[in-house]
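I opened this structure to look up its pockets, its strand pairing and a few single residues. My entries follow in the order I made them.

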Amino acid sequence: MRDNASMLNPHFQKLQTAYIFPIIERKLLELQKDHPNQKIFNLGVGDISLPLLPEIAKAISDATYQMTQEPIGYGPCGGYPFLKEIICHNEYAPFGVTPDEIFISDGTNTDASSIQELFDQQTTVLVTEPTYPVYRDANLIAGKKVEFLQLTEKEGFIPRPPKERADLVYLCTPCNPTGVTMNREELSHWIDWARQNKSILVLDNVYNAFISSEDIPSSIYALEGAKEVAIELRSFSKWAGFTGLRCSYMIIPKQLHLEQLNQLWAKRMDIKTNGISYPIQKGAAVCYDKSVKEKLQNQVAMYQKSSIILRETLHTLDQTFFGGEHSPYIWWKTPSQKNSWEFFDELLEGSRIISIPGSGFGKQGEGYVRLSCFVSPSLAQEAAYALQHHFAAV
Ligand code: PLP
């Protein structure tokens, strides 16, 4: 007879034990208890801070009401054709992506962590350090072999293809946590490398709406050869305020050198999900109506304004930082070689700013903190004053 412990998935033991968010929460509660009247500036969690657009809520509620008039039950597991076609037309028309290459899901976290299921257990997975932790942890608990690509300040935290090959590579651009974005040339190097090595790139592109330069492709499929090697992940979470609604999509091109992946994912979806609800997909579709899209672009522009305020402040304070230009995150090198938690405490006590210690994104994040710009420009401005005040005092 097996003992209870041996029935559990042993790979969970490979996860980092200290999960940072409960520690941040405890420190915040202590500060609020000691200084109940002080305003706290939460530049930590990367969640949206603007309410949902009423047009989206109406589309969702109209679709729900429609279900009282006619039976609308299970939909296609990989998403309704109306949403896939709208995405193709609005996002991918110049790149020739077809609706049967698009799979609708409940979030990029789900997609990023599940795609590895299509690969053999011996698969080598390459993840950057620092990284968005989901890629690393989902592959670790699935028992995959995870290797790390160290990102360095010298390289501006841009990931460069390594000498050794890997089967599956996770790349995030615009990147959480470093805020840096890969340009055409940098992405093309990865495409060439993946073609030579017969690797598959999983490109997390959830912050694409923050890109505002011609030199940075909004999709990897703008580049030659990408359809042979790259799967792209997008979400309605950040640009359309869907973090609480849940809707995302993944592009699995039929031209991939592993051409079975498209069919295998379709099969996997048939087995494991009955799809995303009809009202939520209607809500996602309305995001592409001209006037709604413009309002959503204005929301992103507001977050970008906050990012400019914070970047300019750090610049004036002579700080070293990365990102924030085509992404909602600023990766701030701690002054005087303080470690991430020491500087987190200093910011919290001295400026009442909550950041995220870089060490929470892997060892290579030590010595940095991440600031999120998902706040209003007025809050960013107040936080900027608090920072100026604090740095003048130290
Ligand atoms: N990918 C990255 C890089 C993220 O930063 C986040 C959320 O912070 C997600 C995925 C989660 O996306 P979703 O809400 O679609 O699951």
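Which residues line the second largest pocket? I noted first that the model is predicted. Then I listed the lining: Asn 90, Glu 91, Asn 208, Ala 209, Ser 218, Arg 234, Trp 239, Tyr 288, Lys 293, Gln 297 and Val 300. The volume of this second largest pocket came out at about 290 Å³.

I looked up which helices contribute. Helix H3 (81-91) and helix H11 (290-316) each supply at least two residues of the lining of the second largest pocket. H11 gives the most, with three residues. I also sorted that lining by class: four residues are nonpolar, four are polar and three are charged.

Next entry: the largest pocket. I read a volume of about 880 Å³ for the largest pocket. Its lining counts 35 residues, and those closest to the centre are Phe 21, Asn 109, Tyr 132, Pro 133 and Val 134. Four helices each supply at least two lining residues: H1 (20-34), H4 (108-114), H5 (133-141) and H8 (237-240). H5 gives the most to this lining, with four residues. By class, I found 16 nonpolar, 12 polar and seven charged residues in the lining of the largest pocket.

Thr 131 was my next stop. I placed Thr 131 in the loop between strand S3 (124-129) and H5. Is Thr 131 buried or exposed? Thr 131 has a relative accessible area of 2%, so it counts as buried, the cut-off being under 20%. Leaving out residues up to four places away in sequence, I found that Thr 131 touches Arg 136, Asn 176, Pro 177 and Phe 361.

For contrast I turned to another loop residue, Gln 38. Gln 38 sits in the loop between H1 and strand S1 (41-42). I then checked Gln 38 against Arg 352, which is 314 residues away along the chain. The C-alpha atoms of Gln 38 and Arg 352 are separated by 7.8 Å.

Then I went to strand S8 (residues 248-251).

Which strands pair with S8? Strand S2 (residues 102-105) runs antiparallel to S8, and four bridges join them. Phe 103 has Met 250 in S8 as its bridge partner. Strand S7 (residues 230-235) also pairs with S8 in the antiparallel sense, over four bridges. There, Arg 234 has Tyr 249 in S8 as its bridge partner. Arg 234 was already in my notes, as one of the residues lining the second largest pocket.

Last entry: the open sheet of four strands. I wrote down the order S9-S10-S13-S12, with antiparallel pairing. Strand S9 (321-323) and strand S12 (356-357) are the edges, each pairing on one side only. H11 packs on this sheet and touches S9, strand S10 (329-333) and S13. The direction of H11 makes about 15 degrees with that of S10. S12 and strand S13 (residues 368-372) pair over two bridges in the antiparallel sense. Pro 357 stands opposite Val 369 in S13.

Definitions and conventions:
Residues are numbered from 1 along each chain as its sequence is written. This is a predicted model: local features need pLDDT of at least 70, side-chain atom pairs count only at pLDDT 80 or more; totals for chains, interfaces and linings use all residues. Side-chain values use heavy atoms; hydrogens and water are left out. On a 1 Å grid over the protein atoms alone, a cavity is a set of points where a 1.4 Å probe fits but cannot get out, and a pocket is an open set with protein on both sides within 12 Å along at least five of seven lines; lining residues have an atom within 4 Å of a point. Grid points are joined across faces, edges and corners, and a volume is the space filled by probe spheres set on the points. Ala, Val, Leu, Ile, Met, Phe, Trp, Tyr, Cys and Pro count as nonpolar, Asp, Glu, Lys and Arg as charged, and the others, Gly among them, as polar. Two strands pair if DSSP finds at least two bridges between them. Contact means heavy atoms within 4.5 Å. Axes are lines fitted to C-alpha atoms, for helices over the stretch in contact, and angles run from 0 to 180 degrees between N-to-C directions. Buried means under 20% relative accessible area, exposed over 50%, partly exposed in between (1.4 Å probe, protein chains only).
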